[in-house]
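I want to go through it piece by piece and write down what I look up.

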Amino acid sequence: MSEHTDLKIPALELKSLVFSWPDQAPLFNIPQLKLAQGQHLFIYGPSGSGKTSLLNLLAGIYPCQQGDILIAGQSMADMSAAKRDQLRASSIGVVFQQLNLIPYLTVLQNVLLVSAFAKKIPQAEQRARYLLQKLGLEQQLWQAPANRLSVGQQQRVAIARALLSQPALLIADEPTSALDHKHRDSFMQLMLSEAQLCGTTVVFVSHDPALRRYFHFELDMEQLHQGVQPC
Ligand SMILES: Nc1ncnc2c1ncn2[C@@H]1O[C@H](COP(=O)(O)OP(=O)(O)OP(=O)(O)O)[C@@H](O)[C@H]1O
């Protein structure tokens, strides 16, 4: 279990969070959501219901327009973009559909990239090797450029990168969309067991209802609007 939080402080808390695209009605209005350290939440909803927009807000990529998002007690409402970037580097792991690996850097360099921005990660290289091994990525690939890997292999690199700093929160947006069922299931098990070991809270969005079974809680976008809490 990592040192990141006082267990009484939620790893993630949303307060009256409203978000709209310019000249459009609010896409969502979430009165409240609290997730404790180590809880894993699955969010689903139809295409266009705002899942990706919500995750971009949680990751601090978009600024809060109205309401607040607290990550391990730190409020993002009034943070500058630079402060949100710092918070993301130290406390939030992100795996999006576009995996955002740097194609010409090696696998190991991609995983370690975050340590250049985050608070000092103790024994970062040792941890990177441990994660790559646990995620089943053969050692002979660690020095290969990321663009030589299959999509499934790249997804595992992206998870290793996201978990390197033992973040308070892991945010994942359809990271298994390119995998067949067998690889999808092993990917989910590896990702969530590593998150569990780190005490990391997980928010995962997908259309794929078959993935619900891996999570402690599930909520659809409609329930989020109604303020239903994970329980
Ligand atoms: N950059 C943008 N500018 C304006 N509107 C946008 C932008 N990005 C998304 N939207 C709109 O916001 C709504 C929600 O999009 P979002 O991608 O968050 O939904 P989603 O639930 O993740 O969809 P999907 O499951 O298809 O990925 C859509 O109506 C979309 O057109």
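Which residues surround the ligand? I am working on a predicted model, so I kept to its confidence limits: local features need pLDDT of at least 70. I listed the shell and found Trp21, Leu27, Gly45, Ser47, Gly48, Ser49, Gly50, Lys51, Thr52, Ser53 and His207. I then sorted the shell by class. It has 8 polar residues, 2 nonpolar and 1 charged.

**Entry: helix H1**

Lys51 from the ligand shell turned up again in my next search. I asked which residues of helix H1, residues 51-58, are buried. They are Lys51, Leu54, Leu55, Leu57 and Leu58. Just after H1 I noted Gly60, with a positive phi of about 75°.

**Entry: the open sheet**

In what order do the strands of the open sheet run? I read S2-S1-S4-S5, 4 strands with antiparallel pairing. The edges are S2 (28-35) and S5, and each of them pairs on one side only.

I went through the pairs in turn. S1 and S2 are antiparallel and joined by 7 bridges. I looked up Lys15 and found Gln32 as its bridge partner in S2. S1 (residues 12-19) also pairs with S4 (residues 66-71), antiparallel, over 5 bridges. There I noted Val18 opposite Gln66 in S4.

The last pair is S4 with S5 (residues 74-75), antiparallel, with 2 bridges. Ile71 stands opposite Gln74 in S5. These two strands make a hairpin with 2 residues between them. I checked the turn, where Ala72 has a positive phi of about 45°.

**Entry: in and before S1**

Ser16 has a positive phi of about 45° although it is not a glycine. Its place is in strand S1. Is Ser16 buried or exposed? I counted 12 other C-beta atoms within 10 Å, so Ser16 is exposed.

Then I stepped back to Ala11, in the segment before S1. Ala11 has 27 C-beta neighbours inside 10 Å, so I put it down as buried.

Which residues of helix H2 are buried? For residues 81-91 I wrote down Arg84, Arg88, Ala89, Ser90 and Ser91. These buried residues pack against S4, S6 (92-95) and S7 (169-173).

I followed S7 next. It runs parallel to S6, with 4 bridges. I found Ile171 in S7 as the bridge partner of Val94. S7 also runs parallel to S8 (residues 201-205), with 5 bridges. There Leu169 has Thr201 in S8 as its bridge partner.

How many residues of S7 are buried? I got 5 of the 5, so S7 is largely enclosed by the rest of the structure. I then sorted them by direction. Leu169, Ile171 and Asp173 point one way, and Leu170 and Ala172 point the other way.

I read on into the loop between S7 and helix H6 (181-198), where Glu174 lies. Glu174 has a positive phi near 45° and is not a glycine. I counted 18 other C-beta atoms within 10 Å, so Glu174 is partly exposed. The cut-off for buried is 20 or more.

**Entry: the largest nonpolar core**

In soluble globular proteins, nonpolar side chains tend to be buried together. Which members touch the most others in the largest nonpolar core? Among its 57 residues I found Val157, Ala160, Leu163, Leu169 and Ile171. Helix H5 (residues 151-163) supplies the largest share of this core, 6 residues.

Definitions and conventions
Residues numbered from 1 in each chain as written. Predicted model: local features only at pLDDT ≥ 70, side-chain atom pairs only at ≥ 80, totals over all residues. Core = buried A, V, L, I, M, F, W, Y, C linked by C-beta atoms within 7 Å. Pairing = 2+ DSSP bridges. Near = placed C-beta within 6 Å. Nonpolar A, V, L, I, M, F, W, Y, C, P; charged D, E, K, R; others polar. Contact = placed C-beta atoms within 7 Å.
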